[in-house]
Amino acid sequence: MTESDLPAARRICHSAFGTRFGAPDPENFWSDRDYVYGRFGAAHVASFTAELDGEVVGSNFATKWGSVGFFGPLTVRPDLWDRGIAQPLVRAVCDAFDGWGVSHAGLSTFPDSPKHIHLYGKFGFYPRFLTALMAAPANPGDIQERLSRYSELPTGDRGPADTACREIADALYPGLDLTAEIGTLAARGFGDTLLLWETGNRLAGFAVCHWGPASEAGDGCCFVKFGGIRPGPDAPDHFAALLDACRTLAASVGMPNLLAGVNLAREEAYRHMKGCGFRTEVQIVTMHRPNDWCYSRPGIYALDDWR
Ligand SMILES: CC(C)(COP(=O)(O)OP(=O)(O)OC[C@H]1O[C@@H](n2cnc3c(N)ncnc32)[C@H](O)[C@@H]1OP(=O)(O)O)[C@@H](O)C(=O)NCCC(=O)NCCS
């Protein structure tokens, strides 16, 4: 993908999902969010287009979170569906994963679509647990003392914060690393990363949050693209504190709702969210290569949805 492909890629992305969801005006579907401009050009993202007679007809994005890679959104112009155009786009992201040497690759998709499960199955991905996209009302209040926002850290403090975030992610799954995602968000400014500290200035958890029309959040939402808690006996309390903090952040940036995805294999995290006012809005399914837990397993307190 080149910069000049962006308008077409965005138009196709919106109209493909609009068509999939039966929207009356597919071209203007999801005009409240962006999945194309915000990912293109980031150091940890590889972007691809499919062309037919020199015209952009589809796109796909591979994202590298250290040892974990996921892809999407994959979209093809609706009048060209079922002609094999998506498959080279899936091959391209798989080649990117191989080149990066990720140990686990995945995606999320529609569990009710035989087409999608078949398409990704051809490339070795296998469906596992559902991911619930859950929402709860924002919660006005003061951001507590043991929280900070990454973009507000003095430049010299960002390096140690990166190291701490890397340490937590690595404890969730060896090599998992969100620092490129965090750095890109800080540079592009359509959200911020919340840092939750324990006594003794040790990082307990962090949440990469989006909001506004240039982000992936959608209207009225603060969206947790990734949240992670350091494993250990205090993890349940820290998870509760991080969710509360995200709800407060949502209110402070003028968003009425917090939206966060949790894989149902992370049983305790899912149960906690159900018990503290989150309601599932949509369920999607994650597909994995290899067919293994990665960091979607019992005992892990993490939030994401690989969309
Ligand atoms: C999903 C999407 C990208 C697929 O693009 P596409 O170009 O139509 O896909 P392809 O033609 O390359 O591949 C489709 C495959 O599914 C198969 N398929 C279609 N309907 C099927 C069904 N009901 N059951 C099983 N397989 C089916 C096709 O036969 C083909 O497989 P084959 O080559 O082995 O025969 C496109 O439909 C799209 O943009 N959808 C809207 C957005 C979206 O859903 N994106 C993906 C989100 S995870």
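Reply: Happy to! Let's begin with a working rule: two residues are in contact if their C-beta atoms, placed from the backbone, lie within 7 Å. Keep in mind that this is a predicted model.

Our spot is Cys-222. Setting aside neighbours within four places in sequence, Cys-222 is in contact with Ala-138, Cys-209, Trp-211, Ala-217, Cys-246, Leu-249, Ala-250, Val-253, Met-255 and Leu-258.

Now zoom out to the core. The largest nonpolar core has 88 residues, and Cys-222 is among those with the most contacts inside it, along with Leu-194, Cys-209, Val-224 and Cys-246. Helix α6, residues 235-252, gives this core its largest share, 7 residues. Domain 1 (3-102) and domain 2 (135-304) both contribute residues, so the core lies between them. As a general point, nonpolar side chains in soluble globular proteins tend to be buried together.

For another view of buried residues, look at helix α1. It has 15 residues and spans 21 Å from its first C-alpha to its last, close to the 21 Å expected. Within α1, Ala-9, Ile-12, Cys-13, His-14, Ser-15 and Ala-16 are buried. The buried residues of α1 pack against β1 (45-52), β2 (55-65) and β4. Just after α1, Gly-22 has a positive phi of about 65 degrees.

Notes
Residues are numbered from 1 along each chain as its sequence is written. This is a predicted model: local features need pLDDT of at least 70, side-chain atom pairs count only at pLDDT 80 or more; totals for chains, interfaces and linings use all residues. Helices (H or I, at least four residues) and strands (E, at least two) are DSSP runs, numbered from the N terminus. The expected span of a helix is 1.5 Å times one less than its number of residues. A residue is buried if 20 or more other C-beta atoms lie within 10 Å of its own, exposed if 12 or fewer, and partly exposed in between; C-beta atoms are placed from the backbone. A nonpolar core is a set of buried Ala, Val, Leu, Ile, Met, Phe, Trp, Tyr and Cys residues joined through C-beta atoms within 7 Å. Domain bounds come from an automatic or database domain assignment.
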